[in-house]
Amino acid sequence: MLWELFLTFTFIGAFSFGGGYGMLPLIQQEVVYNHQWLTIQQFTDILAVAEMTPGPVAVNTATYVGYKMAGVLGSALATTGVVLPSFVLITTLASIVIKNKDNPRFQGAFQGLRPVVVALVIGAAILVGKDTIVNITSVILALIALGLMEYTKLHPIFILLAFGVLGIIIY
């Protein structure tokens, strides 16, 4: 199990682009569907907790899954696995990026990657949303939360906490 956690999260870290939110579709695929370590409901609950806690959402999710499956060592290995590819890649490519930052082809590559990152984040939202936003109440709550995030200066943690309390009251 320890080796499987490490390899799975190393795979996720190596083949996900766009940061933590871009990793969510692959994490969901691996953890919920391929390995069946979590149900979709557990995965959604973990995302809520991972979003509220300090640190990147993908790292927090890996830490939780690793802990659930194999305790502290599983947590450490899953977390190491998810960050290791990025660490190696960034360390290796940092000098290349600095040397080529003014190269038009290099800039073009990044221009091409940006829309893909947006698509990955939207895809993650759809994957989570289709199992979470299931009735009119959840649609209304999601729209209110989106409005608060977009049009107020409220910190997201306050919105999360408020809607957690609201969920206790409503449900």
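**Helices and their neighbours**

Student: What does the cover over the buried residues of helix 5 include?

Tutor: Helices here are DSSP runs (H or I, at least four residues), numbered from the N terminus. Contact means heavy atoms within 4.5 Å. On that basis, the cover over helix 5's buried residues includes helix 2 and helix 3.

Student: Before we go on, from which number do residues count along each chain?

Tutor: This is a predicted model, where local features need pLDDT of at least 70 and side-chain atom pairs count only at pLDDT 80 or more, while totals for chains, interfaces and linings use all residues. Side-chain values use heavy atoms, leaving out hydrogens and water, and along each chain, as its sequence is written, residues are numbered from 1.

Student: Good. Which residues in helix 5 are buried?

Tutor: Buried means under 20% relative accessible area, exposed means over 50%, and partly exposed is in between (1.4 Å probe, protein chains only). In helix 5, the buried ones are Ala124, Val128 and Gly129.

Student: What end-to-end C-alpha distance does helix 5 have?

Tutor: The expected span of a helix is 1.5 Å times one less than its number of residues. For the 29 residues of helix 5 that should give 42 Å, and the model agrees, because its end C-alpha atoms are apart by 42 Å.

Student: And how far does helix 3 reach from its first C-alpha to its last?

Tutor: Helix 3 covers residues 40–52, which is 13 residues. At 1.5 Å a residue the expectation is 18 Å, and the model comes close to that with 19 Å.

Student: Within what arc do the buried residues of helix 3 fall, seen down its axis?

Tutor: Phe43, Thr44, Ile46, Leu47 and Ala50 are buried in helix 3. The arc is that of the directions from the helix axis to the C-beta atoms. Those buried residues line one face of the helix, because they fall within an arc of 160°.

Student: At what angle do helix 2 and helix 4 pack?

Tutor: Axes are lines fitted to C-alpha atoms, for helices over the stretch in contact, and angles run from 0 to 180 degrees between N-to-C directions. The axes of helix 2 and helix 4 lie 8 Å apart, and the packing angle is about 35°.

Student: How many charged residues does that contact of helix 2 with helix 4 have?

Tutor: From helix 2 come Gly20, Tyr21, Met23, Ile27 and Val31, meeting Val57, Ala58, Thr61, Val65 and Val82 of helix 4. Ala, Val, Leu, Ile, Met, Phe, Trp, Tyr, Cys and Pro count as nonpolar, Asp, Glu, Lys and Arg as charged, and the others, Gly among them, as polar. The contact has eight nonpolar residues and two polar ones, and the number of charged residues is none: no charged residues.

Student: On to the rings. What is the angle between the planes of Phe11 and Phe15?

Tutor: The structure holds three aromatic pairs. Rings of Phe, Tyr and Trp (its six-membered ring) pair if their centres lie within 6.5 Å; planes under 30 degrees apart count as stacked, over 60 as edge-to-face and the rest as tilted. Phe11 and Phe15 form a tilted pair at 5.1 Å centre to centre, with a plane angle of 45°.

Student: Which kind of pair do Phe106 and Phe110 make?

Tutor: These two are four residues apart in helix 5, so about one helical turn separates them. Phe106 is partly exposed at 22% relative accessible area, and Phe110 is partly exposed too at 37%. Their ring centres are 5.1 Å apart and their planes at 65°, so the pair is edge-to-face.

Student: Is Ser75 buried or exposed?

Tutor: Ser75 sits in helix 4. Leaving aside residues up to four places away in sequence, Ser75 touches Thr63, Gly66 and Tyr67. With a relative accessible area of 11%, Ser75 is buried.

Student: Last one: what is the phi of Gln36?

Tutor: Gln36 is in the loop between helix 2 and helix 3, and at 62% relative accessibility Gln36 counts as exposed. Although Gln36 is not a glycine, its phi is positive, at about 55°.
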